[in-house]
Amino acid sequence: MAIKMIRDVIRDTIDAEMARDDSLIMLGEDIVGGNGAPGGPEAIGGIWGTSGGLWAKYGADRVIDTPISESAIIGAAAGAALTGKRAIAEIMFADFIGVCMDQIWNQVAKFRYMFGGKTTCPLVIRMPYGAGFNAAPQHSQVIHQFVTAMPGLKVVMPSTPADAKGLLTQAIRDDDPVIFLEHKALYGVKGEVPDGDYVIPFGHARQVTQGDDITILATGMMVGFAEKAAAQLAQDGIGCDILDLRTTSPLDEEAILDSVERTGRLLIVDEAPPRCSFATDLSALVAQKAFASLKAPIDMVTAPHSPVPFARELESAYLPSPDKIVASAVKLMSYRRG
Amino acid sequence: MQLSREALIRAYRQMKTIRLFEERLHDEIALGEIAGFTHLYAGQEACAVGVCEHLGPTDYIISTHRGHGHCIAKGCDVMAMMKEIYGSRDGLCKGKGGSMHIADMNVGMLGANGIVGAGAPIAVGAGITAKSNGTVSIAFSGDGACNQGTTFEAMNMAVVLKLPVIFVFENNHYSEHTGEAYAVGAESMTARSAAFGMKAIKANGIDFFSVYEAMRELIDYCKAGNGPASIELDCERFYGHFEGDPQRYRGPGELDRIREERDCLKTFRTKVTEAKLLEGAELDRVDAEVTDLIDRAVAEAKQADRPTPQDVLQDVYISY
Ligand SMILES: Cc1ncc(C[n+]2csc(CCOP(=O)(O)OP(=O)(O)O)c2C)c(N)n1
Ligand SMILES: [Mg+2]
């Protein structure tokens, strides 16, 4: 076991997989940096520090700096993946998915199905996402809600260094296209990471805390918020069963339903706005399949139905928080059927 | 140089305002006073001002992530801009957008933009309006944004529709950490623009007069109904891509050299004083006035009203 930050885990995992598989290539903007500049290539190694040293090790044919052209990045990664390569494409901020949505939604997600199962597209699209930096409406968003809604894509949202390693390894080795979402605020999070080959299969939630009173479902940065809230609630004798879902597609329905059947209360924490979201999807699942176990209405702590605002005060009001989770949990516990 | 003394002083004041605005932000950001990502425009002042000195409130411009200079040049209120960057609810965009999204429709400024390449298509639409008004629409883009498909589509559509749109490419030789030499595949952005079927020229982006004269020609050309045009401006950015950028992609001594030899404010001062168009003392007076303006803007921004949680849901819609 080594202690590592998530950003280094991402880099090291790509490194290990590139060493293992010569067919793996990587494309993105400034993932090398310094190309065509006096400072020379690898002047940065990715603005998030997730690809440092890879160009020097694997060369420009495999670690490919691109012009600012998101549609062509995804299209090129997809074309390579259709023709015998495995590819990792980095979209610098998840918000820029807007620029390359056709390639992701109409092309990558649908190849296998519309070609009658005759092709694979082993492609990982890595996208740093999320709020917390006052980066304003076009650099702070989450996108898991709509990529999860797209049949043909798998969607991964690690929240710990160990999970980042196991899930990214699985994503790269998976023959289906995977959207791999890295929360920008979690890059610096440190934790123990298993040595050697470490693969976490998709569709398995991680039990974060155990408790009998409330099931809390979370992903990404929301997992840590839920843990903080749970620690506070524990002092009042409220036990939280937190599940970090880790992959939103496929989804670990069994773990969710088992937990809710035990606790009878469900609180969903989601960084997305509340309409047509991952939170509403989970809420529908439980309402349909575990209705009889519910002792209180399902509650959701989400962002409001607005873009992500810039100013510090506005962004913190916008985001879910441990305090908001505690308030929701207290409300759930005090609910009495009319 | 047919500019009047007043026009020259005005142009200098605009450039100086941008420079001091950005230098002051650089210091304030280092103190941790300002949230978010800030991309400073210092070094490129002659581009924004050389273009915008031709424009009125019903001419349109659209900007980029590096937008402060375009905003000031087009006439956005400096005090309200500073408040926006500080995230005040009295800011030009009520603290909702910050540095990357400053906009003011009243002065024909259609916004800074966080999405590289998003501006050019919008400028085409403003060009439809401009055509009916007898005005022009300007899309500012960088040497990085020029490689985005949206920019290509916009250029072709403007040609097809024969719109009075001018694509201004500020070539500061870098897109983030990548050199123009690597990322622009064509011989030049100008050659590429010409291939779209529009008039395409270059000018010296560190010389206000070069930009100003070239723009006069292009604006006349567009207003005469000839369709769009493009101009590539060779310029320099004096700070990092964003505040906090270690700038390892620069060559040794590069920053000192460009600040010494390729400073558009110094170039302007030398030109107008050597030609005896203005006295050094007149320019010094402008410097003092602008320094005072920026001091006041920062002092006011720090004291300005903060937004409240209730403001989050304001302005998502007109009515809902
Ligand atoms: C669609 C999109 N892709 C990538 C980025 C990240 N990004 C912001 S600015 C920038 C470089 C832009 O270079 P250029 O157009 O030359 O403008 P400059 O920064 O030099 O002013 C990049 C890659 C973005 N904001 N939007
Ligand atoms: Mg540039």
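Student: How many salt bridges does the count come to over all chains?
Tutor: This is a predicted model, in which local features need pLDDT of at least 70, side-chain atom pairs count only at pLDDT 80 or more, and totals for chains, interfaces and linings use all residues. Side-chain values use heavy atoms, with hydrogens and water left out. With a salt bridge taken as a side-chain nitrogen of Lys or Arg within 4 Å of a carboxyl oxygen of Asp or Glu, the count over all chains comes to 43.

Student: Which residue meets B:E53 in a salt bridge, and where does that partner lie?
Tutor: The side chain of B:E53 meets that of B:R10, with N to O at 3.0 Å. The pair links distant parts of the chain, 43 residues apart, since B:E53 is in the loop between α2 (45-52) and β1 (60-62) of chain B, and B:R10 is in helix α1 (residues 5-30).

Student: Between which chains does ligand 1 lie?
Tutor: Counting a residue as near if one of its heavy atoms lies within 4 Å, 22 residues surround ligand 1, and A:E70, B:H65, B:R66, B:G114 and B:N172 are the closest. The ligand lies between chains A and B.

Student: Which residue has a polar side-chain atom 3.2 Å from a nitrogen atom of ligand 1?
Tutor: A polar contact is a pair of N or O atoms within 3.5 Å. An oxygen atom of ligand 1 is 2.7 Å from a polar side-chain atom of B:H65, and an oxygen atom of the ligand is 2.8 Å from a polar backbone atom of B:A145. The residue with a polar side-chain atom 3.2 Å from a ligand nitrogen is B:E176.

Student: What share of the accessible area of ligand 1 does the protein cover?
Tutor: Accessible areas come from the Shrake-Rupley method with a 1.4 Å probe. Of the 580 Å² that ligand 1 has on its own, the protein covers 97%.

Student: Which residues does a cis peptide bond join?
Tutor: One of the two, A:P250, is placed in the loop between β12 (247-249) and α9 (253-263) of chain A. With omega at about 0°, the cis bond joins A:S249 and A:P250.

Technical notes: Residues numbered from 1 in each chain as written. Chains lettered and ligands numbered in written order. Polar contact = N/O pair within 3.5 Å; in protein donor to acceptor, adjacent residues only side chain to side chain. Helix = DSSP H or I, 4+ residues; strand = E, 2+ residues; numbered from the N terminus.
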